[in-house]
Amino acid sequence: MLELRDFQVRYGNFKAIKNLSFSLPSGDAVGLTGRNGVGKTSTLKGIIGLVETEGEVLFRGEDISDLEPHTRATRGIGYLPQERKVFGQLTLEENLRLVGEDSGEDRIKNEVIDLFPCLKGLFNQKAVNLSGGEQTMVAIARLLIRNPDLLLLDEPTEGLMPELEEVLHRVLEENLRQDRSILIADRNINYLKAISNEVYQLSEGLVSNVIEG
Amino acid sequence: MSKLAFGLLNGVVWGTVLALLSSGLNVVFGLMGTVNVAHGSLYMFGAYLAWICFSFLDSFWLSLIVSPLAVGLVGVSIGFLLKPVRKDPILTVLGTFGITILLQGSTLVLWGGTPRRVPLPFDSTFSLFGTGYSFYRIFVALVSGLVLYCLWFLVERTKFGLRLRASREDPELSSAIGIPVFNLFLLGFALGGALAGLSGALIAPLVSLTPEMGLRIFAIVFLIVIIGGLGKIWRSVVVAIYFAVFRGLASIFLDSTKGLILTFSLALLVVLVNPSILGRSSANANGS
């Protein structure tokens, strides 16, 4: 599904990711971990195209390095950012409508409520007024509506209560069963091990250790 | 009494055109974050197209279609030209200021500095306090109001508007969830240009056309958008109508320049006394 070859992310003279190569088959999950600033977020941003990269990013066998982020997204890559997950000035419903089909609004609402019942009754609230955990749920729901083949998740458990972490875990496992692939960055190594086949520990822009999931 | 009624009515009519023009700038500046200094010149260009349609094609009405379309295309071209610098506010101001000079200079070279006039497309009037008031002015207010309603619907009730608002708030996240931000940027420029072109065509029979008319009006429109709030279409409509009505009424008792100074001074005073009246951009107000 995804393959990185000699992948690098550079901000000016600073190399956030020095040389990363790995492949992520369909139905598999890989975790990225490490302390703050080791390049977890840069890797995910580089794959979706939000930062400039060198090397090759192959998605379903095609090099997508030169594509705009929105084209990568429409080809089947879903990205959950670590910060600013939602559009604060739009309502919860509008956040979902941004990516959903116009004709299926009721269906989407029901699916989201099934997934996260606590969002029921909040659809007309501006997203900026939701709690951090609720915002994460909205972002995850918005991500899943599009049924992407590859999920890039940056600190998805941040702000989530333990019971919602469980819900997220179930959702991700269901996605893996549907042959989707997941690349997940998190500092919580135990959470990563529970979901991923392999966890790459990053240090100074390189993989310093590979942990079996 | 009749002077007051005329001043009020003229203010409302002029206010709706100003609102239309401000809304065009608000789409480009407020919703897309680009200061298009050339917006006033696009309005001037729309007005001259009305004069060309009348003078060479003998149809003013044609300009109500030609001006928005042609100026919308110029808007898209400006969007393309700004692509390499669109994230840099200083370079976009300089770039669009250059386009202003280009449009103004071209108009001067092609059609000279002599003020041009477009006759009223219909002469019928109705009686207001015993004096005739042109139906065309009422037509202008109605068309402007209708277009403003359509614009509100487009921005607040359609997926295009939703994506435009999302792109304004967070272009990076928008792009990452599959929204083609640059295409929206071009469409926003087309829309802003079309509104400027239509405003220019509508107002052409009511004013003298000169190459500088765009630069003069830009300062007023810019102030309206800032006071009304970036991205807040309806608030800028209210401020535009206040501005035009107050200026119209002030001009009854004072001359036009003093009326303008009084209007600006009052707006400044209101902002100084109550800064919260300044509409904040959605991005700034976000807090997320």
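This is a predicted model: local features need pLDDT of at least 70, side-chain atom pairs count only at pLDDT 80 or more; totals for chains, interfaces and linings use all residues.
Helices H5(B) and H6(B) are roughly perpendicular to each other, because angles of 65 to 115 degrees are counted that way. The angle at which helix H5 (residues 135-157) of chain B packs against H6(B) is about 65°, and the two axes are 5 Å apart.

The residues that make the contact can be named on each side. H5(B) contributes B:Leu154, B:Val155, B:Glu156 and B:Arg157, while H6(B) contributes B:Phe160, B:Gly161 and B:Leu164. Sorted by class, the contact of H5(B) with H6(B) holds four nonpolar residues, one polar residue and two charged residues.

Next comes the nonpolar interior. In soluble globular proteins, nonpolar side chains tend to be buried together. Here the largest nonpolar core has 132 residues, and those with the most contacts inside it are A:Leu152, B:Leu18, B:Ala47 and B:Ala50. Helix H8 (residues 181-203) of chain B supplies the largest share of this core, 14 residues. What does B:Ala47 touch, leaving aside residues up to four places away in sequence? The residues touched by B:Ala47 are B:Gly200, B:Ala201, B:Ile203, B:Ala204, B:Leu209 and B:Met213.

Chain A can now be taken as a whole. Seven helices and 10 strands are found in chain A. Its radius of gyration is 17 Å, close to the 17 Å that the globule rule gives for 213 residues, so chain A is as compact as a globular protein of that length. The C-alpha trace of chain A spans about 45 × 35 × 30 Å along its principal axes. Buried residues make up 44% of the 213 in chain A. Among contacts in chain A between residues at least 6 apart in sequence, 67% join residues at least 24 apart.

Most residues other than glycine have a negative phi. A:Asn147 is not a glycine, yet its phi is positive, about 50°. A:Asn147 lies in the loop between helix H5 (132-145) and strand E7 (150-154) of chain A. A:Glu155 is not a glycine either, and has a positive phi of about 50°. A:Glu155 belongs to the loop between E7 and helix H6 (162-177) of chain A. Which of the two is buried and which is exposed? A:Asn147 is exposed, because 11 other C-beta atoms lie within 10 Å and the limit for exposed is 12 or fewer. A:Glu155 is buried, because 21 other C-beta atoms lie within 10 Å and the limit for buried is 20 or more.

One more residue of chain A remains. A:Glu212 is part of strand E10 (residues 206-212) of chain A. With 8 other C-beta atoms within 10 Å, A:Glu212 is exposed. A:Glu212 and A:Gly132 are separated by 80 residues in sequence and by 31 Å in space, C-alpha to C-alpha.

Definitions and conventions:
Residues are numbered from 1 along each chain as its sequence is written. Chains are lettered from A and ligands numbered from 1 in the order in which they are written. Helices (H or I, at least four residues) and strands (E, at least two) are DSSP runs, numbered from the N terminus. The radius of gyration is taken over C-alpha atoms; the globule rule is 2.2 Å times the number of residues to the power 0.38. Two residues are in contact if their C-beta atoms, placed from the backbone, lie within 7 Å. A nonpolar core is a set of buried Ala, Val, Leu, Ile, Met, Phe, Trp, Tyr and Cys residues joined through C-beta atoms within 7 Å. Axes are lines fitted to C-alpha atoms, for helices over the stretch in contact, and angles run from 0 to 180 degrees between N-to-C directions. Angles under 35 degrees count as roughly parallel, over 145 as roughly antiparallel, 65 to 115 as roughly perpendicular and the rest as oblique. Ala, Val, Leu, Ile, Met, Phe, Trp, Tyr, Cys and Pro count as nonpolar, Asp, Glu, Lys and Arg as charged, and the others, Gly among them, as polar.
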